[in-house]
Each structure stands twice: as C-alpha cells, then as structure tokens.
Amino acid sequence: MEGLSLDPQTRKPIVILRQNDGKGLLPLWIGAMEAMTISLVLNGEELPRPLAHDLLLMVARALNGTLTGVDIVDYRDDIYYAVLLLRGPAGLISVDCRPSDGIALALRASVPIRVKADVFEKAAREQEPGSIHPATRHQAGSDAATDMARSADARKEADTLAALLAKGAVPEDLGEAAGPERLRELLRALEPVSRNKM
C-alpha cells in the first residue's frame with residue numbers, strides 16, 4: 001500500500017496501492033469512516049475497545065481461523081471487488097468484502113494485499129487519463145484521515161470556544177493576551193465558509 005491521500009478536487013479520501021515493480025498506481029476512493037479505520041493502523045493508534053475490524057479478526061482467531069491475505073479480484077462499472085482469504089479447520093476459504101474493509105483487515109493482521117494484474121489493466125483502461133491528480137501522488141505518504149480528524153478536532157474546539165464566549169468566559173490556558181474580542185475575531189475568521197470546510 002502506498003498510503004492514504006485526499007483527492008484535491010473532490011476532497012474524498014483515496015487509498016493508493018502500488019504495484020510491486022513500482023510502476024502502476026491503483027487509486028480506490030473510499031469513505032471517511034473507512035479512511036479513519038485504515039488511518040488508525042497506519043498511525044499505530046491503540047484503542048481501549050476493539051472496532052469492528054479488530055472484532056472480526058478476534059472472532060476468526062477464536063474459531064481457529066486466520067486471515068492470510070486480501071485479494072482485489074475485479075473492477076467493473078467503477079466498482080472494485082475484493083475477497084478475504086481465511087484459513088481455518090475447513091481449509092482455505094474466500095469471503096466477499098469491500099476493498100476498504102479488506103485493506104483495513106490486512107493492515108491489522110499484517111498480511112499481503114494483492115491486486116490481480118487484469119484489475120490494474122482494466123482500471124487503467126477505464127479510468128480517465130490523469131484521474132489521479134499529480135498532487136495526490138505526492139500526498140500519498142501523508143495521512144488524509146488524520147487531517148480529517150484534526151479538522152474535526154479544530155471544529156470541536158471552535159464550538160467549545162464559541163460556547164465559552166457566549167457565557168463571557170475566557171479559557172485560562174489562553175492567558176490575558178487573548179481577550180474575548182480577539183477570540184471572537186478568531187472565530188469570525190472561521191465563519192462561515194472556512195469553518196464549513198474544516
């Protein structure tokens with residue numbers, strides 16, 4: 001996996017996979033929640049309780065099964081198809097899954113993510129030339145989901161600050177230099193368009 005990025009045009013998260021030879025890139029546009037769960041693994045975050053992907057791996061282990069890999073097996077009508085490869089008492093079985101879920105599981109289990117060669121070829125033929133914006137290629141090492149989380153934190157802080165100002169209170173950690181009028185100025189700078197983009 002090359003990394004997570006944001007599509008500069010649509011602002012949607014993209015998982016970018018790279019061929020082993022380094023030549024081909026495969027972009028998969030995913031939802032914000034899927035990006036978050038992948039981001040947690042990439043950033044080594046540990047949560048006190050298991051998320052759905054963690055739970056699925058725990059259930060597989062409890063049933064004497066292991067995830068051995070994730071294969072992205074098809075691309076048609078602008079949709080990618082993937083399978084989980086699970087080994088258990090009944091042998092090796094494959095289970096249909098969304099690629100984003102498969103990638104989240106593969107990263108957690110440290111197993112390979114494979115893409116069939118013809119999927120790379122189909123995607124290259126069917127996607128518009130330049131569909132991966134050049135800026136996106138350079139951002140792949142950055143973490144779009146972390147950026148989204150930071151934006152959500154900033155929005156939460158702005159809302160908290162607005163509530164404090166409405167009560168006439170100034171947070172102690174801002175000190176005397178940041179009086180209520182300066183804080184109101186900062187909040188106005190976030191309204192309405194900038195704040196909505198966060």
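In this predicted model, leucine 40 forms part of helix H1, which covers residues 32-42. Apart from its neighbours within four places in sequence, leucine 40 makes contact with Glu45, Leu47, Leu51 and Arg108. The C-alpha atom of leucine 40 is separated by 9.2 Å from that of alanine 104, although the two residues stand 64 residues apart along the chain. Within H1 itself, the buried residues are Glu34, Ala35, Thr37, Ile38 and Ser39, and just after this helix glycine 44 adopts a positive phi of about 65 degrees.

Strand S4, made up of residues 66-76, is paired with two other strands. With strand S5, residues 79-88, S4 runs antiparallel and is joined by nine bridges, and in this pairing leucine 67 of S4 has leucine 86 of S5 as its bridge partner. The two strands S4 and S5 form a hairpin in which two residues lie between them, and aspartate 77, located in the turn, has a positive phi of about 50 degrees. With strand S7, residues 113-115, S4 instead runs parallel and is joined by three bridges; here the bridge partner of isoleucine 72 is valine 115.

For the chain as a whole, eight helices and seven strands are found, and 33% of the 198 residues count as buried. Among the contacts in the chain with a separation of 6 or more, 53% are accounted for by residues 24 or more positions apart. The chain exposes about 12100 Å², of which carbon and sulfur atoms supply 54%.

Technical notes: Residues are numbered from 1 along each chain as its sequence is written. This is a predicted model: local features need pLDDT of at least 70, side-chain atom pairs count only at pLDDT 80 or more; totals for chains, interfaces and linings use all residues. Side-chain values use heavy atoms; hydrogens and water are left out. Helices (H or I, at least four residues) and strands (E, at least two) are DSSP runs, numbered from the N terminus. Buried means under 20% relative accessible area, exposed over 50%, partly exposed in between (1.4 Å probe, protein chains only). Contact means heavy atoms within 4.5 Å. Accessible areas come from the Shrake-Rupley method with a 1.4 Å probe; for residues, only the protein chains shown count as cover. Two strands pair if DSSP finds at least two bridges between them.
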